[in-house]
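Please look over the sequence and the model below before reading on.

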Amino acid sequence: MKLTRICAYGLLWSVITSLAGGCMTARIEQHREARTGISDDEAIVILARSLHNGNDTETKFIDCVDNQLGKGANPLTVIPDEVFRDSYYPWFEPRTAPTGPADLPRLLAEPALAAKLAENRVRYLIWIEGSTEALEGGGSISCAAGAGAGGCFGLMWWEKDSDYEASIWDVKRALGSGTVSTDVNGMSVVPAVVVPIPLIAPTQGKACRRLAEQLKTFLVEGVT
Amino acid sequence: MPGEPSIRRAAVWVTWLALTACTATAPITSEFPKPVVEPIPLRVGIRYTDEFKNYVFRQKIRGEQGWVVMMGSANVAMFGQVLDGMFEDSVDLDNPETRPRDKRNLDAYIEPEVESFEFAAPMEWDTDVFTVWITYRLNLYDSESRLVASWPVRAYGQSRHNVYNFLSADKALAEATTVAMRDAGAYVAIYFEDEPRIREWLREEGTLQKRDRRSARGLRNK
C-alpha cells in the first residue's frame, strides 16, 4: 500500500517535471559562408565575446559547450577558453582580440602567434555571444506559520530566454565559415500547495546541447 | 590582575574582527602568462622601485565599506613575465639571485610605476560589474641611464558581480584588477615599438633593422 503511494507520487512528480521541461520552444539557425571540415589532429577553441563589449555570456555556458563538443559521436579536441587565452597572450585579451574574421590575416601575420597556432593545430576559433535572461512573469505565493503548522499557497511563473550565437572562423584559411545560433524560450513555474515546488525550465542547458550538436554537424560534415 | 592579558587579547580580536568585517581585501593573483611575440633583440635590465613592489591601494569612506587592493607582488610578476617575453634577454636588477656579471652590458633599463588606480563598485553605480582603471608609467633609459621615454599605459578591466553576494565582492574586485593588469601587459607587449619616442630610439640603435634581417634570414632558411 505504502509502496503504491510512493510510486503514485513519483509518477505525478515525473509528469509535472516533464510537463514543465516540455514548456520550451527551441529555434536553431545556421548560416554558412564557406566549406568546413576538421581532421582528427586539429583542435577548436570556444571563446566568449568580451564583457567589455557589453556581452554577458556565462562561463558556465562556455564550459557546457566545450564539454558537449568533446564527447559523444565525433568528439572534437577543444582547448578551454582560459587555457587558450593564457597560451596565446596577449592576442585574445578584451582590447586586443580580433573583432571579425577580417582581422585574421593581420593576426596571422604575427610570426610568433602564427607559428604557435600552426604547431598546436588550432583550426577553428568559435566566438560565442548571448546570454540567458529572465523575462516577464507573474503570480504570487503567500506563506504563513502558526503553532505547530505552516505552509505556502499560490503560484508564480516567469519566462526565461537563452539566446546565443556562435561565429565560426577558420584559422587555416583565414576566413569566416559562418554562424550557428540558438534561441530557447521556456516557462518556469512554482506552484505552492503547503510546500512550494519549483519547476524550472532548463533553457540554458537545452540551448547548450542544441548549439553544440549543430556546431558539430557544421564543422564535421563540412557542407549541410 | 590575572585575567588582564586575556581581556586585552579578546579586545584585540574584537577590534580586528570589526575592522575586517568592514574592509574587503582583494587577493590579486601573481600568475601571468608570458606574451607570444617576436622578441626585440635587446638586453634589458628591469628596476622595480619599492613603491611599485609594495603598491597597496586603500580606500575608506566614512560609513561605507573599505577596500584594500594589494598589487605589489602581482605588479612585479606581471611586468616580469611581459618584459621577459618581449626582449631577447631581460635581467631583474633587484633580484638577489641575479649574478653581478648579468647586470653588465645592458642595452637599456626599464622602470615601471603605478601612476593611478581607480575603481567603480557595482553598488555605487547600480550595475552588476566592478570596473578598474590603472595607469602605469613605463620609463625607458638607455645604457647611459638617460631617459629615452616615459610612456603612460592606461588599462581597463571589468568583472561581473552579483550585488546580493556581499561575500564575493573582494574576489570580483580582484578579478577586475587582474583583467586590467593583463590589459596593461597586452598593450605594452604589442604597442611598445609603436610609441613614437621608443620607435625612434630603436631605429637609432639599429634594433629593428637587426630583427628584420634576422626574420628575413629565418624565412630564407625555411
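The points below are grouped by topic.

The model is predicted. Chain A contains 6 helices and 6 strands, and 29% of its 224 residues count as buried.

**Layout of chain A**
- Along the sequence, the elements of chain A come in the pattern α-β-β-α-β-α-α-α-β-β-β-α.
- Among the contacts in chain A with a separation of 6 or more, 72% join residues 24 or more positions apart.

**Helix α6 of chain A**
- Helix α6 (residues 203–220) of chain A has 18 residues and reaches 26 Å from its first C-alpha to its last, close to the 26 Å expected.
- Its buried residues include Ala207(A), Leu211(A), Leu215(A) and Phe218(A), and also the charged residues Arg210(A) and Lys216(A).
- The cover over the buried residues of α6(A) includes the chain A elements β1 (24–32), α2 (59–69), β4 (122–146), β5 (149–170) and β6 (175–196).
- Leu211(A) touches Val65(A), Tyr164(A), Ala166(A), Val180(A) and Thr182(A), leaving aside residues up to four places away in sequence.

- In soluble globular proteins, nonpolar side chains tend to be buried together.
- Here the largest nonpolar core has 88 residues, and those with the most contacts inside it include Leu211(A), Leu215(A) and Leu173(B).
- Helix α5 (residues 169–191) of chain B supplies the largest share of this core, 13 residues.

**The contact between chains A and B**
- The contact involves 15 residues from chain A and 16 residues from chain B.
- On the chain A side, helix α5 (residues 111–119) gives the most, with 4 residues.
- By class, that side of chain A has 9 nonpolar, 2 polar and 4 charged residues.

Terms used
Residues numbered from 1 in each chain as written. Chains lettered and ligands numbered in written order. Predicted model: local features only at pLDDT ≥ 70, side-chain atom pairs only at ≥ 80, totals over all residues. Contact = placed C-beta atoms within 7 Å. Helix = DSSP H or I, 4+ residues; strand = E, 2+ residues; numbered from the N terminus. Core = buried A, V, L, I, M, F, W, Y, C linked by C-beta atoms within 7 Å. Buried ≥ 20, exposed ≤ 12 C-beta atoms within 10 Å, placed from the backbone. Expected span 1.5 Å × (residues − 1).
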